[in-house]
Amino acid sequence: MSKPFLSLLSLSLLLFTSTCLATSSEFDRLNQCRLDNINALEPDHRVESEAGLTETWNPNHPELRCAGVSLIRRTIDPNGLHLPSYSPSPQLIYIIQGKGVIGLTLPGCPQTYEEPRSSQSRQGSRQQQPDSHQKIRRFRKGDIIAIPSGIPYWTYNNGDEPLVAISLLDTSNIANQLDSTPRVFYLGGNPEVEFPETQEEQQERHQQRHSLPVGRRGGQHQQEEESEEQKDGNSVLSGFSSEFLAQTFNTEEDTAKRLRSPRDKRNQIVRVEGGLRIINPEGQQEEEEEEEEKQRSEQGRNGLEETICSLKIHENIAQPARADLYNPRAGRISTANSLTLPILRYLRLSAEYVRLYRNGIYAPHWNINANSLLYVIRGEGRVRIVNSQGNAVFDNKVRKGQLVVVPQNFVVAEQAGEEEGLEYLVFKTNDRAAVSHVQQVFRATPADVLANAFGLRQRQVTELKLSGNRGPLVHPQSQSQSN
Amino acid sequence: MSKPFLSLLSLSLLLFTSTCLATSSEFDRLNQCRLDNINALEPDHRVESEAGLTETWNPNHPELRCAGVSLIRRTIDPNGLHLPSYSPSPQLIYIIQGKGVIGLTLPGCPQTYEEPRSSQSRQGSRQQQPDSHQKIRRFRKGDIIAIPSGIPYWTYNNGDEPLVAISLLDTSNIANQLDSTPRVFYLGGNPEVEFPETQEEQQERHQQRHSLPVGRRGGQHQQEEESEEQKDGNSVLSGFSSEFLAQTFNTEEDTAKRLRSPRDKRNQIVRVEGGLRIINPEGQQEEEEEEEEKQRSEQGRNGLEETICSLKIHENIAQPARADLYNPRAGRISTANSLTLPILRYLRLSAEYVRLYRNGIYAPHWNINANSLLYVIRGEGRVRIVNSQGNAVFDNKVRKGQLVVVPQNFVVAEQAGEEEGLEYLVFKTNDRAAVSHVQQVFRATPADVLANAFGLRQRQVTELKLSGNRGPLVHPQSQSQSN
Amino acid sequence: MSKPFLSLLSLSLLLFTSTCLATSSEFDRLNQCRLDNINALEPDHRVESEAGLTETWNPNHPELRCAGVSLIRRTIDPNGLHLPSYSPSPQLIYIIQGKGVIGLTLPGCPQTYEEPRSSQSRQGSRQQQPDSHQKIRRFRKGDIIAIPSGIPYWTYNNGDEPLVAISLLDTSNIANQLDSTPRVFYLGGNPEVEFPETQEEQQERHQQRHSLPVGRRGGQHQQEEESEEQKDGNSVLSGFSSEFLAQTFNTEEDTAKRLRSPRDKRNQIVRVEGGLRIINPEGQQEEEEEEEEKQRSEQGRNGLEETICSLKIHENIAQPARADLYNPRAGRISTANSLTLPILRYLRLSAEYVRLYRNGIYAPHWNINANSLLYVIRGEGRVRIVNSQGNAVFDNKVRKGQLVVVPQNFVVAEQAGEEEGLEYLVFKTNDRAAVSHVQQVFRATPADVLANAFGLRQRQVTELKLSGNRGPLVHPQSQSQSN
């Protein structure tokens, strides 16, 4: 057997291995929830911008594949502007820190914020026409913000501290008609890729199939002109020629060139020198604004459809007064779902804010109809997750900034640490996510069923059904006294 | 070429084969309904319990993959209790034989069955507090029972003969946000795995990928304590430490240990010595109860949402008087869908009960908007199924206990045997499943379209459109007389 | 190393290669929308019939996999009858040319078109019973026709020119519970396979797995009788024995044999000698009929459900007067969605008709909640499509008969050629498909956000926001004058 044959053979074997491994990883995807082990995840990738930071989790983590979601954490410096972008997946954003303003562009809705036509007073700074734009909204720490699929939005930090937000992209949502890859379309600027893992695979695959050098870009031999000019930026407008943009938008060539944003190094979060000038009702207290919006949303579903253009998109769920469950020794829980924030009906998402005091326990429970994603905002504690076979797939300490996936129906319990409390947010992939608590199931089950299921005596069953707190928030030391 | 190299080569080849075969089986899954052959399926696996038997169909059968469902047949002995369990997939259960009681635990619903507080009369048997629990329901042969996803339920045989039930788990239902693997979560006891095929694959895969000895369980090196104690049972509580359970539920350590159910050999169906003591309205006739429930359900959809806690979950469809289609010589058909049993709207499932008398034919028809699963309850007959290319993918005798998958739009016809009738149940994956009958399509089509489509003469078309029964239930010998 | 071993080795390698390549193509499917290049597609396969032509696009094109759809173009000669067929996927048909009649068979609906019982006048041609059938509908060029899943329909060309229609089969629609393979079930005749690509794969796979000679058909060894007779035609009735059909439909053996359609060479579109005789209200103008139907549909959703049997299934969207957007220099656009044609709510599909005059531009926009399929009816022009990374995945001339897939959220712009206009239809995979226009997003965004995003001066922003047309239809030369 000659040497060349041998190396050819090895090469072939190598080739098969790689192809087959690729498919083996696909095999996982189909059995995506056979998780014999769940890990607490921290961001895998960071993109630094002029005025902020974008961190993403690799969507190929088995846990995230199972839940069918992707996550992004953004830090926007004061005076930082996150450029307008949209995604085919609906997004739910939680504001961890800071405050800001957000502008969505709903198609078909009018520009309801207007500068007076005859405003001569500001002549120093503006010689042009008075501006107008769609409604903008103020938000702050503790807010949940809902962004429907395909709707562009921008965010601006008008506060004094960095604005930190965690966003869920529900890639397996029915609204996303593309595949499960997270996609963010930027309207402008020169954003850097936010999920490089999905990019690399693409190139690898490409190479493998066509045996062509990396860097070949699809469709080039078909394109007729301007291939040189094509693709300086990464925004969607950079894919059009400046000549076409000038024609279409009836602008000068220079303006059109800037729309394509060549060689902009600021990335997706840019600094606004001197602060962003927008039309913003002043003298209004944030609290008042909220009150007003609350009233509007309480008119319910009918109102929602009549006033789609003034739709409420955010709700604060971290305030103590907003608690849905409360135990003064153990902690509090509040929920935002399509009953409290009707837009969530369209997103099919909801959220839960949990604050456990020191040693406080959120007793074992499961999500009936949703996957859930637990993100630790502050403090430390321990999370236990059990699968259908009774295996503890997660039983670990968690700390600030970590993400834990709790698949549908898996039983989970959380406990705050001894030294500090635990504060976390749970994203849920259902707008009417419901929870079942083991303790409440015990109470609702006939004593004799429990006695036979667990081999307990009558006395023990009574203890199980009647001692302990009624609710799922428990403080271990205080239990016996409180009964 | 040396011997070692050769064996290394063979080994590699072997390895590739197995990996590639694994993916080839995935290939099937994606093209899961290219069935050139359908088989009648009998259970593949059995789990014997103290007081009953659980039989399951391997969910990897191409037919079951196409329909996206899993099936379980349970036999519960008299005084047998099937322990509380839940599943992320909605379940539809048909009672083949016997009678029993069932208890569901709906979250947020009160314990509406109560013993009087001052009950001194029963002091002999109970020294403890009076018991209370959620509503329980009686069921019997011929009932369809709907179990929503994530809702735990237990079942008890209070009759004199074995209780036999067949359950459909609709793993491809929108309510199941996990993958297509069937999962049953047991709240208590030490159940044995019901779908070992999905387990084995998991271990195999694990081994293959990590080249680690079998038995390594995920997450162990991360777990901090109690790894010894972890995992004696298979219920979801066995994944928690008894110390944590004692803290959470405020019970003694011994009670908590039993909640984890170590070394219980009774499996998922246990015997209740002396019969199960539950709070159960006596002196009521089953028939009366049904009457009452029927009236409630007739108030329709609005009533459903107002009284979610007293929701009707079952309906008898085997009674002759309940027939929707009837031909005294051929047979009868009754249907349960979201119009007769509103909860089915949430499950997106329905069922059809068919009884064909000797030689009776259910003429060719297809399911417009559902896959269907035909389970033979009694008797024998013959089933014919034709696919889109006109191939007879099934044309065989069927007998009691067999399951036949009829994919959406495939044309199917059933005929009872000459010696005994044929009784079967059809599960359908749509709560408003609709059927189109070939004969009725002929009647609704202009005569000249039929003449040209089939090359028939006018006389033959008239014969085709007007002779034969109007309905789909046909008795071959009686046809000519009856017209 | 001996020769035999070497060839065995090569054989094995070959075998692995093919298996792994099969899976590698599956890999694409999962990442089905990572399109770095989109191609304009022309039909890949043609089936010639006695009175027409069926052309199909290979559903394995990456673009079509991403959109989850299949396409068929049918040409029916005058007096040609397309035989009754149905599909588990809902269909949307656009009539490119000609006119005809269509008959749907809705289950449970009565035969509302009747010949009078005592019609002695036509005795010459018909000695039989008077005919009756379900409602038939007339359609013509410019009509969109909606066919729900599982509902059989036939089409007849009663005009003087060939009838040309393009049909979308939405295989990824929630109504299709089978896999993504397009399936057409013919009730009669001997149709030739329309999507041979999906067939071949099936046989290949079969061969590969079982190492059996081609032609083995599943289930044969299980079939008890008539295997010789089975399968002469390709219609669903050809899968039943003529004896069984005769029994079931109570017809003579000869009629039953013809139902199975052996050795019919006419394929799926047959010629009707002397024209099709159907019951058809005469003396009515098509326009009147439409008027009437329009009124009915305007009663909205409630009316739809009350009169499911007389449901409106088609709407003309090519008429100039029907335009929703109009610019006398650039072109016009009309849309059919579930608001204009309520049945589309059940199909979850909609359509857009676009006519661009010479040089006219449909400015950059994206589909918020739908994939879209652009089919060029007439003329020529240029289409540009940009993905989330700012790459121009398509930037080419398009001509009559070509199909271009525009995935959800990808930015697209169309421009008619210099010499002739461009007329195209867009199928959309959402019954309330919404579009966002880049120009309108600019207008709705605060000037300072645009200035900072694109590095523009105030003057340039004002130019961008206020110059140019308000609407998305633009004529490049006329822009500056029109403002």
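How many bridges join strand 10 of chain C to strand 15 of chain C? I looked this up in a predicted model, where local features need pLDDT of at least 70, side-chain atom pairs count only at pLDDT 80 or more, and totals for chains, interfaces and linings use all residues. Residues are numbered from 1 along each chain as its sequence is written, chains are lettered from A and ligands numbered from 1 in the order written, and side-chain values use heavy atoms, without hydrogens and water.

**Sheet, chain C.** I found three bridges between strand 10 (residues 143–147) and strand 15, which run antiparallel; strands are DSSP runs of E, at least two residues, numbered from the N terminus. Ile145(C) has His314(C) as its bridge partner in strand 15. I then traced the open sheet: seven strands, antiparallel, in the order 1-2-3-12-5-10-15, where pairing takes at least two DSSP bridges. Strand 1 (45–49) and strand 15 (314–316) of chain C are the edges, each pairing on one side only.

**Domain record, chain A.** I noted that UniProt, in an unreviewed entry, lists "domain: Cupin type-1" for residues 38–257 and 315–462 of chain A; such annotations may be inferred rather than shown by experiment. Residues 315–462 of chain A are 16% helix and 46% strand, helices being DSSP runs of H or I, at least four residues.

I located Ile174(B) in the loop between strand 12 (163–169) and strand 13 (185–186) of chain B. Ile174(B) counts as partly exposed because its relative accessible area is 45% (buried is under 20%, exposed over 50%, 1.4 Å probe, protein chains only).
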